[in-house]
Amino acid sequence: MTEQPIPASPVEADLEFMKALQDKGPQKPPRSQWRDVWDQFRKHKGALFGGSFLIFITLAVIFGPYIWDIDAKKLDIRNKDWRPIYTLLWDGDAKAGWIHPLGTDQLGRDILAQMLFGGRVSMAVGWMAMALALIIGTAIGVLSGFFKRMDFWLMRFTDLILSLPILPLVLLAVTLFGQPLRSQFGPEGGMFILIVSVISLTSWMQTARIVRGDILALKEREFILAARSIGTTPGKIIRRHLLPNVISPIMVSATLGLATAIITESALSFLGVGFPSDFPTWGKQLADAVDRMQEFPERVMLPGIAISLTVLAVNYLGDGLRDALDPRIRGR
Amino acid sequence: MLTFTIRRLLLSIPTLLFISLVIFLLLQLAPGDPMAQVPLTVPPEVKEKMREALGLGQPIHIQYWKWLVQVFWIEPQVFIDYLTNRSALFSWLPDTAFSEGKLRVISWQTRSPVMDIVIQRMPQTLWVVGLAYIVGIVIAIPIGIYSAYRHYSVFDQAGTFVTMVGFSIPPFFTGPLLIVIFSVYLGWLPSIYDTTHVVNDWASFKVQFMQMIMPVMVLALQTTAQISRYMRGAMLDNLNQDYVRTARAKGLKESVVVMVHVLRNSMIPVVTVIALGMPAIFGGAIITENVFKVNGIGQLLLTALRANDLPMVMTLTFIFAVLIVLFNLIADILYGLLDPRIRYD
């Protein structure tokens with residue numbers, strides 16, 4: 001055994017090293033995680049467009065009916081079948097004017113007011129159903145990921161629900177349970193409750209699976225062990241340590257959920273099983289206009305474009321969020 | 001692999017039973033009364049008799065058991081009888097009469113067996129849906145390959161945009177849109193799908209072809225959008241792998257590297273997505289059939305729902321469930337077959 005040579009004066013040698021290691025310039029101020037996320041998100045043009053369009057359309061349908069305060073359900077047979085204002089550009093004799101910028105339908109209801117009101121319904125259904133589906137999905141995902149005893153049965157249950165035929169079942173539920181709920185909560189309220197619950201009960205499964213997978217991986221990490229060893233209760237571990245770490249997959253599946261909820265609601269209205277017939281939604285406006293789309297193509301186009309643009313915006317938002325929230329992609 | 005397949009097959013039986021139970025209970029809980037359409041002048045005791053004739057008098061579990069027996073035991077017998085009596089393939093076998101005098105699932109609308117109607121309607125749906133799926137896949141795979149190979153090129157950007165749009169526009173908007181453009185303004189294609197049309201020569205084939213274009217393309221757009229995104233993702237994952245560099249270093253041609261080495265490995269997840277997407281497109285067909293007035297099973301389901309025809313609704317929904325379970329099974333087995341690393345047993 002030979003002894004290690006000891007430097008004559010260790011302090012001096014260390015100082016030498018320390019000088020080399022010292023930063024040349026001033027240190028950058030620390031950046032929060034959400035700042036990084038926002039910077040990455042800003043780079044994705046489509047996501048930026050999607051996010052702002054979604055905010056715009058949500059604000060428009062919330063506040064629009066107060067600004068454009070014509071009643072969407074008011075019949076005005078004398079002024080039926082007005083064309084949109086832009087028809088005047090190529091046809092000076094067209095029945096159009098600033099009183100009804102987007103025209104009126106076959107019963108004289110103002111189309112702009114209908115679009116705003118219908119959008120309000122569609123967006124409300126979308127947001128509510130998405131939120132409910134997220135809550136159910138996250139709860140089931142967390143429970144089955146965190147508690148081993150429940151895992152097997154909860155996941156079998158999720159698989160079973162996943163193999164249900166969704167659209168036929170939704171159609172079934174809405175037609176069969178429409179009547180009693182209508183008499184209970186009024187024609188619109190009952191249908192709203194029914195559609196929101198049916199959509200959310202059939203769309204939580206993907207969220208549950210993703211959350212479960214992430215929780216299973218996180219549970220084995222050291223910080224959970226540390227939390228456990230200082231006596232943190234399972235409830236606290238879930239709330240303080242696990243949920244903040246699965247927020248990004250939840251946000252991504254939220255955007256997907258919002259898009260599917262809007263499309264499902266419109267599809268139901270289109271098939272004529274959704275809201276009552278005098279209650280405008282985008283899907284119902286589209287379905288009503290299909291019969292006369294030769295003469296009035298704009299009545300099909302306007303709600304159709306509204307649905308498509310909203311869903312496109314939501315999908316782009318989801319795409320951008322996925323990139324921005326993934327730390328492996330961020331900063332590249 | 002065989003044990004895995006058998007195990008999966010056995011597991012799908014309780015799944016299907018559970019699904020049928022869910023549908024059955026949903027229909028039982030529903031407050032709709034099949035006697036609601038009967039005129040008020042019909043005396044109550046006659047009404048009671050009619051209810052019994054429909055099998056409504058008995059407790060729920062007996063009704064459910066009867067439905068199960070009818071679908072899983074009597075319908076196969078009917079099918080065997082049909083094969084031995086009338087079909088061209090097996091009519092040399094001695095005629096059987098297993099199902100004679102046995103009760104089948106009867107539709108409340110038409111008073112004829114549900115399965116007969118379903119079998120009449122099935123070919124229309126299968127033609128439109130199947131063709132749409134094949135067309136969608138054939139378009140999607142090259143797009144996916146090329147946009148992954150030329151990552152961030154103009155083609156890739158455009159392809160991503162188009163698939164995103166195809167993903168977002170619902171079929172009940174693209175359908176009317178195409179009808180307005182191609183049937184109303186241009187007059188090239190018929191807007192209604194004529195299911196009674198018989199193809200026997202070139203001219204009638206052309207008519208059939210013309211009327212299938214729009215429904216097939218509307219359904220195919222959804223498939224294309226979804227599958228080309230998966231294809232692109234899978235190709236991108238594989239293009240950066242070490243084995244690709246090795247293949248290039250060996251001096252293999254670029255076409256061989258991409259089309260043989262990378263493509264084969266990327267197809268593994270895509271094939272399962274293709275199998276898993278099949279039931280969804282049957283669901284989408286409900287809307288497309290409604291738009292183009294195709295009288296397939298989706299349209300049958302809608303009319304049955306409106307007419308409160310519970311046996312028909314029950315059986316049709318169950319058929320959709322069988323499709324889903326079947327294609328999930330196919331996806332699992334394909335995954336095991338294609339990827340030797342994943343063998344479930």
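1. A quick word before we start: UniProt positions are given in the numbering used here, and annotations may be inferred rather than shown by experiment. With that in mind, the unreviewed UniProt entry lists five stretches of chain B under "transmembrane region": residues 126–149, 161–188, 208–225, 268–292 and 312–338. Please also remember that this is a predicted model.

2. Two of those stretches can be set against the model's geometry. Residues 208–225 of chain B are 100% helix and 0% strand, with end C-alpha atoms 26 Å apart. Residues 312–338 of chain B are likewise 100% helix and 0% strand, and here the end C-alpha atoms lie 39 Å apart.

3. Now to where the chains meet. Chain B brings 35 residues to the contact and chain A brings 34 residues. On the chain B side, the elements giving two or more residues include α1 (2–29), α9 (254–292) and α11 (310–338). The largest share, seven residues, belongs to α11(B).

4. Chain A has 13 helices and zero strands. Its C-alpha atoms fill a box of roughly 105 × 50 × 30 Å along the principal axes. The radius of gyration of chain A is 28 Å, whereas a compact globule of 332 residues would have one near 20 Å.

5. Finally, the packing of chain A. Buried residues account for 40% of its 332 residues. Of the contacts in chain A between residues at least 6 apart in sequence, 71% join residues at least 24 apart.

Terms used
Residues numbered from 1 in each chain as written. Chains lettered and ligands numbered in written order. Predicted model: local features only at pLDDT ≥ 70, side-chain atom pairs only at ≥ 80, totals over all residues. Helix = DSSP H or I, 4+ residues; strand = E, 2+ residues; numbered from the N terminus. Contact = placed C-beta atoms within 7 Å. Rg over C-alpha atoms; globule rule 2.2 N^0.38 Å. Buried ≥ 20, exposed ≤ 12 C-beta atoms within 10 Å, placed from the backbone.
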